[in-house]
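Student: Could you walk me through the model on the screen? I would like to begin with the overall layout and then go into the packing.

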Amino acid sequence: ASKADEWIPLRPGTDAAFALALLNLLLNEYKIFDAEFLQKYSNAAYLVGPDEYYIRDRESSKPLVWDRQSEQARRFDDAQLGEPALEGSYEVNGRACRPAFQVLKEHVREYTPENAAQITTIPAETIRRVAREFGEAARVGAKIRIQDQELPWRPACVNWNRGPIAHKHGLLT
């Protein structure tokens, strides 16, 4: 706290409530996320069925994504894949499905700043401000050139330090 620009002393053990409220705000209210990264380098576009398992290609068993260009499901590694959808609801082989990112967005909606304020003792307005400041500091979409290679520039990070990681399975949380 002595080295911080601002110390936000939340109730011990409530770090997850604070983080989930930040995530809800960033994804659902402020819409600050790196869609390009999620599409290319994560499983955020994988289609999830009502049983919460990935929808898979019948022949290869590889996860499917929804191709926005062709408006059909394709394997995540299909050379013909255009732009994978991160949001929406689709039907594949008679099964309703959504991209994993859509499932995440819907799941974190319940973690409102107001609920987190009751758990963490941090005012909802402070939670909203911190989420906005963090999202803006991340500079989603900005690039930096290092040794003739263009890379995403994300000059923001979170360091949880001793709090949540001091508990059993805390790092995973």
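Tutor: From the N terminus on, the order of elements in the protein chain is α-α-β-β-β-β-β-α-α-α-β-β-α. In total there are six helices and seven strands. Helices here are DSSP runs of H or I with at least four residues, strands are E runs of at least two, and both are numbered from the N terminus.

Student: What kind of model is this, and how are residues numbered?

Tutor: This is a predicted model, in which local features need pLDDT of at least 70 and side-chain atom pairs count only at pLDDT 80 or more, while totals for chains, interfaces and linings use all residues. Residues are numbered from 1 along each chain as its sequence is written, and side-chain values use heavy atoms, with hydrogens and water left out.

Student: What does the C-alpha trace span along its principal axes?

Tutor: The C-alpha trace of the protein chain spans about 55 × 45 × 30 Å along those axes.

Student: Let us turn to the sheet. What is the strand order in the open sheet of three strands?

Tutor: The order is β1-β5-β4, and the pairing is antiparallel. Two strands count as paired if DSSP finds at least two bridges between them. In general, strands of a sheet pair through backbone hydrogen bonds, either parallel or antiparallel.

Student: Which strands stand at the edges?

Tutor: Those are β1 (47–48) and β4 (90–92); each has a single partner strand, so one side of each lacks a neighbour in the sheet.

Student: How many bridges join β4 and β5?

Tutor: Three bridges pair β4 with strand β5 (residues 95–99) in the antiparallel sense. E91 has A96 of β5 as its bridge partner, and Y90 stands opposite C97 in β5. The hairpin of β4 and β5 has two residues between the strands, and N93 takes a positive phi near 50 degrees there.

Student: And how many bridges pair β1 with β5?

Tutor: There are two bridges between β1 and β5, again in the antiparallel sense. L47 has P99 of β5 as its bridge partner.

Student: Which helix lies across β1 and β5?

Tutor: Helix α3 (residues 100–108) does, running at about 80 degrees to β5.

Student: What about β6 and β7?

Tutor: Strand β6 (residues 143–146) and β7 run antiparallel and are joined by four bridges. The bridge partner of K143 is P152 in β7. This hairpin also has two residues between its strands, with Q147 at a positive phi near 45 degrees.

Student: Now the helices. At what angle do α1 and α4 pack?

Tutor: Helix α1 (residues 15–29) and helix α4 (residues 113–120) pack at about 165 degrees, and their axes are 9 Å apart. Axes are lines fitted to C-alpha atoms, for helices over the stretch in contact, and angles run from 0 to 180 degrees between N-to-C directions. The two helices are therefore roughly antiparallel. Angles under 35 degrees count as roughly parallel, over 145 as roughly antiparallel, 65 to 115 as roughly perpendicular and the rest as oblique.

Student: Which residues make that contact?

Tutor: A17, F18, A21 and L25 of α1 meet P113, A116, I119 and T120 of α4, where contact means heavy atoms within 4.5 Å. Seven of the contact residues are nonpolar, one is polar and none is charged. Ala, Val, Leu, Ile, Met, Phe, Trp, Tyr, Cys and Pro count as nonpolar, Asp, Glu, Lys and Arg as charged, and the others, Gly among them, as polar.

Student: How does α1 pack against α5?

Tutor: α1 and helix α5 (residues 124–137) pack at about 60 degrees with axes 9 Å apart, which makes α1 oblique to α5. The contact includes F18, A21 and L22 of α1 and I127, R128 and F134 of α5. Its residues divide into nine nonpolar, one polar and two charged.

Student: How close do the axes of α4 and α5 come?

Tutor: They come within 8 Å and cross at roughly 115 degrees. P113, E114, A116, A117 and T120 of α4 touch A124, I127 and R128 of α5.

Student: Last topic: how many salt bridges does the structure hold?

Tutor: It holds 16 salt bridges, each defined as a side-chain nitrogen of Lys or Arg within 4 Å of a carboxyl oxygen of Asp or Glu. One of them joins R154 to D34, with the closest N and O atoms 2.7 Å apart. R154 lies in the loop between β7 (149–152) and α6 (162–165) and D34 in the loop between α1 and α2 (35–41), so the pair ties together parts that are 120 residues apart in sequence.
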